Amino acid sequence: MSGLELLVEVLSWGFILSGSAFLLIGAFGVLRFPDFWSRLHAVSVMDSAGVILLLIGMAIQAGPTLIAVKLIIIGIFLFITGPTATHAVANAAFVSGLRPKEGEGLKSIIDAPAPQPEAKKQAVEAS
Amino acid sequence: MFAVAAIALLIAMVIVLIRVFRGETLYDRVLAVNAFGTITVLFIGVLGFLMERPDFLDIAMLYALINFVGTIAILKFFRYRAIGDIPRKDPEEEAAG
């Protein structure tokens, strides 16, 4: 085994194992955190750190081929859509009136009224 | 190496599924289903490497697209109670109600 092959193996091992570790940490956070707003943070760990590290590890293992290009395309897509979907879920929950259960510094957020959905707001502004 | 990653992804999928079935609110379930889809995309990719058929990556790409659109569609349905065009009421009636 030449030095370059050893380097590739070690690098992809490191990336894939750390990505798997981040995914497990995020999954445990989703299960164990007390309410919805703290579970959002755990999902963010999975969506950014876990996905990027695992896909980089797989791309290093694949070498400079079409497979690596496909992996990079999947990575860019997940890197854009993951935070977008998380933001959409958080916005829908906030508009529907869900509020954090606990927290001393969050009084202004907990007491905030639910904002109107965009369609209603535009209709009101148009009138 | 890929077997270790596949086992870790399977454990993460099971844990997230527990949250899907236990979730207190609708948004917990939607969030967990979205995370489950992300893990599934990665699992399909790892499975392709494990079985030495990397053509599976096309399926993973397709699954990523469907997962995102599905999450947005579920959220839109539960906010407006309609998936197609949103029924607009009259502005006066809307402002009064």
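This is a predicted model: local features need pLDDT of at least 70, side-chain atom pairs count only at pLDDT 80 or more; totals for chains, interfaces and linings use all residues.
1. Chain B as a whole. Chain B contains 4 helices and 0 strands, and reading along its sequence gives the pattern α-α-α-α. Of its 97 residues, 41% count as buried. Among the contacts in chain B that link residues at least 6 apart in sequence, 47% join residues at least 24 apart.

2. The extent of the interface. The area buried between chain B and chain A comes to about 4300 Å², and carbon and sulfur atoms give 80% of that area. As background, the size of an interface is often given as the accessible area lost when the parts come together. The contact draws 44 residues from chain B and 53 residues from chain A. Across this interface there are also 6 residue pairs in polar contact, with both residues of each pair at pLDDT 80 or more.

3. On the side of chain B that touches chain A, helix 1, helix 2, helix 3 and helix 4 (91-96) of chain B each supply at least two residues, and helix 2 of chain B gives the most, with 13 residues. When the residues of this side are sorted by kind, 31 are nonpolar, 5 are polar and 8 are charged.

4. The nonpolar core. The largest nonpolar core has 52 residues, and the members that touch the most others are A:F36, A:M58, B:L9 and B:I39. Two or more residues of this core come from each of helix 1 (3-32), helix 2 (36-62) and helix 3 (66-95) of chain A, and likewise from each of helix 1 (2-22), helix 2 (26-50) and helix 3 (56-80) of chain B.

5. A closer look at A:F36. Which residues does A:F36 contact, once its neighbours within four places in sequence are left aside? In chain A the partners are A:V89, A:A90, A:A93 and A:L98, while in chain B they are B:Y27, B:D28 and B:L31. One of these partners, B:D28, returns in the next point, where it forms a salt bridge with A:R39.

6. Side chains of opposite charge can pair when their charged atoms come close. The structure holds 3 salt bridges over all chains, and 3 are found across the interface of chain B and chain A. A:R39 forms a salt bridge with B:E24, with the closest N and O atoms 3.6 Å apart. Because A:R39 lies in helix 2 of chain A and B:E24 lies in the loop between helix 1 and helix 2 of chain B, this pair joins two chains. A:R39 also forms a salt bridge with B:D28, and here the closest N and O atoms are 2.6 Å apart. This pair too crosses between chains, running from B:D28 in helix 2 of chain B to A:R39 in helix 2 of chain A.

7. The side chains of B:D58 and A:K70 meet in a salt bridge, at 3.2 Å from N to O, and the pair crosses from helix 3 of chain B to helix 3 of chain A. B:D58 has 39% relative accessibility, so B:D58 counts as partly exposed, whereas A:K70, at 17%, counts as buried because the cut-off for that class is under 20%. Salt bridges that share partners join A:R39, B:E24 and B:D28 into one network.

Key: Residues are numbered from 1 along each chain as its sequence is written. Chains are lettered from A and ligands numbered from 1 in the order in which they are written. Side-chain values use heavy atoms; hydrogens and water are left out. A nonpolar core is a set of buried Ala, Val, Leu, Ile, Met, Phe, Trp, Tyr and Cys residues joined through side-chain atoms within 4.5 Å. Buried means under 20% relative accessible area, exposed over 50%, partly exposed in between (1.4 Å probe, protein chains only). Contact means heavy atoms within 4.5 Å. A salt bridge is a side-chain nitrogen of Lys or Arg within 4 Å of a carboxyl oxygen of Asp or Glu. Buried area is the accessible area (1.4 Å probe) that two parts lose on being put together, summed over both. A polar contact is a pair of N or O atoms within 3.5 Å; within protein, one must be able to donate a hydrogen and the other to accept it, and residues adjacent in sequence count only if both atoms are side-chain atoms. Ala, Val, Leu, Ile, Met, Phe, Trp, Tyr, Cys and Pro count as nonpolar, Asp, Glu, Lys and Arg as charged, and the others, Gly among them, as polar.
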